[in-house]
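Trainee: I would like to learn how to read the features of a structure like this one. Could we go through them together, beginning with the overall picture?

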Amino acid sequence: MSELGKNKSSESSPSGGKKGGIAIIDYGAGNIQSIKFAIKRLGFDAVLTDDAEEIKSADKVIFPGVGEASSAMKMLKSTGLDKVIPQLKQPVLGICLGMQLMCEYCEEGDTTGLSIFDAKVVKFDNSVKVPQIGWNQIYDLQSDLFEGVNEKEYVYLVHSFYVKECEETICSTEYGVEYTSAIKKNNFYGVQFHPEKSSKAGEKILENFLKLENE
């Protein structure tokens with residue numbers, strides 16, 4: 001395995017995984033196996049886990065999600081992960097619903113989020129087909145997350161709600177309205193699109209995240 005794919009430590013964690021490496025938060029929200037497979041294709045190993053100590057000790061954390069916001073928040077609260085995630089110090093990547101749950105509020109289910117990002121999540125109006133399903137462009141790329149990715153690259157999206165533009169926006173997309181398709185605050189990143197389904201551009205974005213240095 002390349003240096004890129006090696007865990008920094010092989011010391012066992014309480015849940016039987018390894019300290020260091022990559023943790024994918026498993027809280028019952030959507031199919032997350034595709035993310036694990038995408039990470040493996042890049043030469044990394046990842047563990048699916050809901051164990052707080054394993055998540056806190058990982059080098060990188062991925063917070064995915066597909067589904068309904070209020071139900072997903074209930075699942076996070078039932079395991080106490082709603083308290084764990086905002087306190088993480090290593091790079092964290094929220095994907096799709098995971099990104100939306102890291103915002104302060106989501107219209108879907110009148111849901112209070114984790115308030116990591118000072119942003120609100122609202123529904124597309126009926127001037128466009130909802131949900132947005134398929135390929136769309138990202139632009140105004142601002143972050144190491146997009147190193148080597150071209151402006152107006154196409155990525156794959158499936159969503160009915162979007163994050164409003166805000167100071168923490170690092171990438172935008174237009175679908176009836178210009179909205180945030182990626183966001184960053186300190187060690188927390190979020191992408192509305194699915195990098196694991198976004199061909200070479202998504203693969204590069206995921207690789208860039210996995211190569212970020214811990215602060």
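**Reading the fold and its aromatic pairs**

Mentor: The secondary structure of the protein chain comes to 6 helices and 13 strands, where helices (H or I, at least four residues) and strands (E, at least two) are DSSP runs numbered from the N terminus. This is a predicted model, in which local features need pLDDT of at least 70 and side-chain atom pairs count only at pLDDT 80 or more, while totals for chains, interfaces and linings use all residues. Residues are numbered from 1 along each chain as its sequence is written, and side-chain values use heavy atoms, with hydrogens and water left out.

Trainee: What percentage of the residues of the protein chain count as buried?

Mentor: Buried means under 20% relative accessible area, exposed over 50%, and partly exposed in between, with a 1.4 Å probe and protein chains only. Of the 215 residues of the protein chain, 53% count as buried.

Trainee: Which residues of helix 6 are buried?

Mentor: They are Ala-201, Gly-202, Ile-205, Leu-206, Glu-207, Asn-208, Phe-209 and Leu-210. Helix 6 covers residues 199-210, and its 12 residues reach 17 Å from first C-alpha to last, close to the 16 Å expected at 1.5 Å a residue; the expected span is 1.5 Å times one less than the number of residues.

Trainee: How many disulfides does the structure hold?

Mentor: A disulfide is a pair of cysteine sulfur atoms within 2.5 Å, and the structure holds 0 of them. The sulfur of Cys-106 is 8.2 Å from the closest cysteine sulfur, in Cys-103, which is too far for a bond. Cys-106 is buried, with a relative accessible area of 3%, and Cys-171 is buried at 1%.

Trainee: How is a pair of aromatic rings described?

Mentor: Such a pair is described by the distance of the centres and the angle of the planes. Rings of Phe, Tyr and Trp (its six-membered ring) pair if their centres lie within 6.5 Å, and planes under 30 degrees apart count as stacked, over 60 as edge-to-face and the rest as tilted. The structure holds 7 aromatic pairs. The rings of Tyr-27 and Phe-63 have centres 5.4 Å apart and planes at 45°, so this pair is tilted. It links distant parts of the chain, with Tyr-27 in the loop between strand 1 (22-25) and helix 1 (33-41) and Phe-63 in strand 3 (residues 60-63), 36 residues apart.

Trainee: Are Tyr-27 and Phe-63 buried or exposed?

Mentor: Both Tyr-27 and Phe-63 are buried.
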